[in-house]
4 protein chains.
Amino acid sequence: MSSQPDIATIVQRVRDEVASRIGEGRVADYIPALAHVPIDRFGIAVRTSCGQSAHAGDAEEPFSIQSISKVFTLTLALQARGEALWRRVGKEPSGDPFNSLLQLEHECGVPRNPLINAGALVVADCLVSDYEKPLDALLSKVRSLAGKRIAFDTAVAHSELATADRNASMAHLMKSFGNLENSVDAVLDAYCHQCSLSMNCCELAAALGYLADCGSHSPVASAESTQGTGATPRATQIVDAARARRINALMLTCGTYDRAGEFAYEVGLPAKSGVGGGIVAVIPGRGTVAVWSPGLGESGNSVVGVEALKRFVALTGWSVF
Amino acid sequence: MSSQPDIATIVQRVRDEVASRIGEGRVADYIPALAHVPIDRFGIAVRTSCGQSAHAGDAEEPFSIQSISKVFTLTLALQARGEALWRRVGKEPSGDPFNSLLQLEHECGVPRNPLINAGALVVADCLVSDYEKPLDALLSKVRSLAGKRIAFDTAVAHSELATADRNASMAHLMKSFGNLENSVDAVLDAYCHQCSLSMNCCELAAALGYLADCGSHSPVASAESTQGTGATPRATQIVDAARARRINALMLTCGTYDRAGEFAYEVGLPAKSGVGGGIVAVIPGRGTVAVWSPGLGESGNSVVGVEALKRFVALTGWSVF
Amino acid sequence: MSSQPDIATIVQRVRDEVASRIGEGRVADYIPALAHVPIDRFGIAVRTSCGQSAHAGDAEEPFSIQSISKVFTLTLALQARGEALWRRVGKEPSGDPFNSLLQLEHECGVPRNPLINAGALVVADCLVSDYEKPLDALLSKVRSLAGKRIAFDTAVAHSELATADRNASMAHLMKSFGNLENSVDAVLDAYCHQCSLSMNCCELAAALGYLADCGSHSPVASAESTQGTGATPRATQIVDAARARRINALMLTCGTYDRAGEFAYEVGLPAKSGVGGGIVAVIPGRGTVAVWSPGLGESGNSVVGVEALKRFVALTGWSVF
Amino acid sequence: MSSQPDIATIVQRVRDEVASRIGEGRVADYIPALAHVPIDRFGIAVRTSCGQSAHAGDAEEPFSIQSISKVFTLTLALQARGEALWRRVGKEPSGDPFNSLLQLEHECGVPRNPLINAGALVVADCLVSDYEKPLDALLSKVRSLAGKRIAFDTAVAHSELATADRNASMAHLMKSFGNLENSVDAVLDAYCHQCSLSMNCCELAAALGYLADCGSHSPVASAESTQGTGATPRATQIVDAARARRINALMLTCGTYDRAGEFAYEVGLPAKSGVGGGIVAVIPGRGTVAVWSPGLGESGNSVVGVEALKRFVALTGWSVF
């Protein structure tokens, strides 16, 4: 592996290499407020553990992070409940589409993992129980990781709530098994808001830095900097090193819907994708990379985003394997 | 991470730490010839990329490697067919027990991945097609990796063939979908023989070294050495570096039956287990570790083997995450 | 077959024969308001096409008819929509428990038949769309068939609404597939009220007479009569003869949850059961028989009710086969 | 209902009414020996309990009865084992295609009913155990019911054996659960032969007469007669009346694959279909009707055969409901 590749050159090259494919896939249209996102966007941002950062394309344009938010809420729920969380949600890949009810019915309302919708609803339920103002807690955490600009996109949240029948179905099913502490409405409200978080690639790469750095978050020197200075600001321990590793393990086995095996095979990095077209990958000990392009493939992952990560990995030699 | 832990001390310590749990779990009894393996065995062997090796306990006692053989046959089939193999078998975790027919039926006879039984039958079918003497080719490959002592245990193979109804059911189902090139009998014969390979921990740790070392296999200086000399013998490229990474990815997402997520969470290493009680884990760039203890948990993985790997990881700090 | 058995003698004899088994099974406890029904009740009422009627035991004690109401709402929905109803719900036995979501998910939100919960929710949705006051229409229909005393049990309806998560889950799932015209809340409200209808065996036997008599309903001369007079009051055509036969066919294949095959084998009559412990069976061309006993078996059918119907059939020789 | 319709006129009229649709559907092609049956055939034969018989079209042309044979083997197995048979096979509609393995896997190798393939394999297994020469016993039984001309079509049996992977898959799965007493090969051989029985509509209508007549079989006066004479030959009791009713119940709920509900709704008679294009229906107390036309619909039932039965029922008013 190249010990210190030139990140700025690499992100430019990745953008160039995927340029001809931008526009492939299909913008998620089941949430009306997302259906109008222009399909021709592509952004990439990298942030290394040694303080470098670089980005290319539309890396500063905010988008709806959707399921990527599951990493943040999982982090918060693990902080509040510790390993007891796993009594209510599993750690296994589901082998089924992200919104399947089949397993939930056969497995007594305990979702396979916290990164599919059903599992994220359980996690949201924990936050509703454990935090007086769960959405404030979430927003405050994300802002502390990646900047004060970040906000919920209320239009998206409401659009999502209005079309949340599938998630409502899962929530009621879990409730019927006794695996929901709060009302379905309260949980759906929290869940749809978390999905509506609006962030850009640079912010996402910064926000998940703690997963690359043994649980420790180092703020960027300045939100505007595109090239790190190498200076190390005060770091905050978000989770301990073991938990960071474990969250990465979950992202690798469950983070990209029912294409996690393929993604591990082709990209080889822990990652979480969202139907807004974003994907954030973690290179433990080295840094994070966030990509965004709204056209989705059949599995719900960004087509060009996955392609960009493949090329990024090929150029850097960075893989956990 | 500790840059160079003392491997010999660590394997002793792991053995001591799990000593009180040896005997837990249940010896696989669905294959009569395996039912009489004494449950009180435990072995561990480590081999590092820099040539060190160490072992403790019953690491030199051969056992039936069973599903661990799927890594060897996958390697051979990828050599013969390349990426075209994936037209006949997927790369996704199954989310179901290792011998489930459900997905096979719904997914047109294409198994989820090559490390569950159905997928391994497809891989065996490829070997039967592609090699004049597939079992000779397999044995020759494994001996070249880990020593001439290795052999099939014919009694186990025949015992397995006599109770192979579940595998026969899967093979016929795939055949009915056109996803088997050879007769079910020929494929089952090859499959039951591969499972019967008899190896010990030291041999397994040596045999899978290529997955830790970018596809390159370095023979041990001498079969008797328990501490490497640091001298580097001539290395052979078994697969290219990208393929080694990809096989590791498959092991991480699919190598420990329907407990792969939990295993990734707790241990964090690519690994393959077998119902004989063996597990081999790969630490990319660092080495391999093989453990053996015949008592299995519900998921078919060695109870004490998993525990030993957890402690090994805790002591070395080695994890892909 | 005995051409004209003495109905009064037979119902007494059935009651005597099952007397020792009364109390078997378990009272449905998932609806709190039903959990306190005394398990030692048993009633049976018969009404023949030639105007005879007879009853024994607690045949005049009202109980919650629950799923038996699905026959009434199906009749109403077929009147309003005709065969177009079948675009939204199937006619096949489900082969799964009455409240399963599995098939619903795999079959695009179209329930297997109108006598399982999911199908009955679709039927309720039709009534909410097609009738200005659907609950009034239902009550008025049932009263016209079996007497003005009949009413909703509001306490049961509210208890059911408060624990309707499973049904809410199914309704939202169907809504997500576009197979619900009204709000989930409106449909659940209608559904829980229909289930709460309180009727006794005599009323149920009278109410479903049209299914035995080619769709024609003949009111009883007097609610108190236990032996018909032979006088034929004015009959009303509720559905045409073909539709009556078809509703009977649905009851035979789908009317007793996932035990319909066993019931057809043992009893051999179209029937609909409810978790309140009631079962009504139709003997085409001959009459109806309603039984009630609150102890349920695993499949949700009244244990003693099924036993009583077996004995009734054995004594009368009445079977469609 | 018309008490005594003119059968000869009715069968002619049914043939005329379906004439324009003959050729619809698709001839079963998964058994090579069946793929060449001309699609333009149609036959109908009726035999009444009062000794009348009539036929039209190709009612005397033999065809492969395939799954209709399951009724004969079930009858034989019930004679040999009585109700103990039900420990090994259920009585419920499967709700899944006739050759599905899903339920078999989840329900410990116990098939849902004896009229789907898996269940018929269990029944065949019983015959292999219980009769020294099971195929001779079957042939002898069928010949005694419908004439000495009847024989196995060896070419079809061998063609079926050569493509029996799906059935072999089910048989091995049941064997793995301990629900097969004999070797898979022996059971498949018996099963493929029973399916290859070659009979015509007149023979089928005669053969199943015992199911219409309380278990009693009355031989036809002469194989050539198309109008019964009313003379009653010596009757043989094949099964008792209760068992005849129960077999009819199984045919109604399970006899026409996963379209049994629709068939009961539209036709309203117990029936068994085969992929050779034959269907035999029973009108308890009145007689039997056999139809044949090789073009199948999606569910595996003869398209024109089902249509003919619908019209037959409309013209006669005969329905169990």
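Domain bounds, as used here, come from an automatic or database domain assignment. Keep that in mind as you open this predicted model and start with chain A.

**Stop 1: the two domains of chain A**

Colour residues 7-63 and 200-316 of chain A as domain 1, and residues 67-195 as domain 2. The C-alpha centres of these two domains of chain A are 21 Å apart. Where they touch, domain 1 of chain A contributes 31 residues and domain 2 of chain A contributes 28.

Now select helix 9 (201-207), helix 11, strand 9 and strand 10 of chain A: each of them brings at least two residues to the side of domain 1 that touches domain 2. Which element gives the most to that side of domain 1 of chain A? It is helix 11 of chain A, with 6 residues.

**Stop 2**

Next, zoom in on strand 9 of chain A and its antiparallel neighbour, strand 10 (residues 278-283) of chain A; 3 bridges join them. To see a bridge pair, pick Ser273(A) and its partner in strand 10 of chain A, Ile279(A).

**Stop 3: chain A meets chain B**

Bring chain B into view. Here 28 residues of chain A are in contact with 28 residues of chain B. On the chain A side, select helix 11 (241-254) and helix 12 (260-266), each of which supplies at least two residues. Helix 11 of chain A has the largest share of this side, 8 residues. By class, the side of chain A that touches chain B holds 12 nonpolar, 8 polar and 8 charged residues.

**Stop 4: chain A and chain C**

Finally, show chain C. Chain A superposes on chain C through a rotation of 180° with 0.0 Å of shift along the axis, at an RMSD of 0.0 Å. This is the relation of a two-fold axis. Which residue of chain A comes closest to the rotation axis? Select Ser169(A), whose C-alpha is 1.9 Å from the axis. Of the interface residues of chain A, 100% are interface residues in chain C too, so the copies meet through the same surface.

Notes
Residues are numbered from 1 along each chain as its sequence is written. Chains are lettered from A and ligands numbered from 1 in the order in which they are written. This is a predicted model: local features need pLDDT of at least 70, side-chain atom pairs count only at pLDDT 80 or more; totals for chains, interfaces and linings use all residues. Two residues are in contact if their C-beta atoms, placed from the backbone, lie within 7 Å. Helices (H or I, at least four residues) and strands (E, at least two) are DSSP runs, numbered from the N terminus. Ala, Val, Leu, Ile, Met, Phe, Trp, Tyr, Cys and Pro count as nonpolar, Asp, Glu, Lys and Arg as charged, and the others, Gly among them, as polar. Two strands pair if DSSP finds at least two bridges between them. Copies are superposed by least squares on the C-alpha atoms of residues with pLDDT of at least 70 in both.
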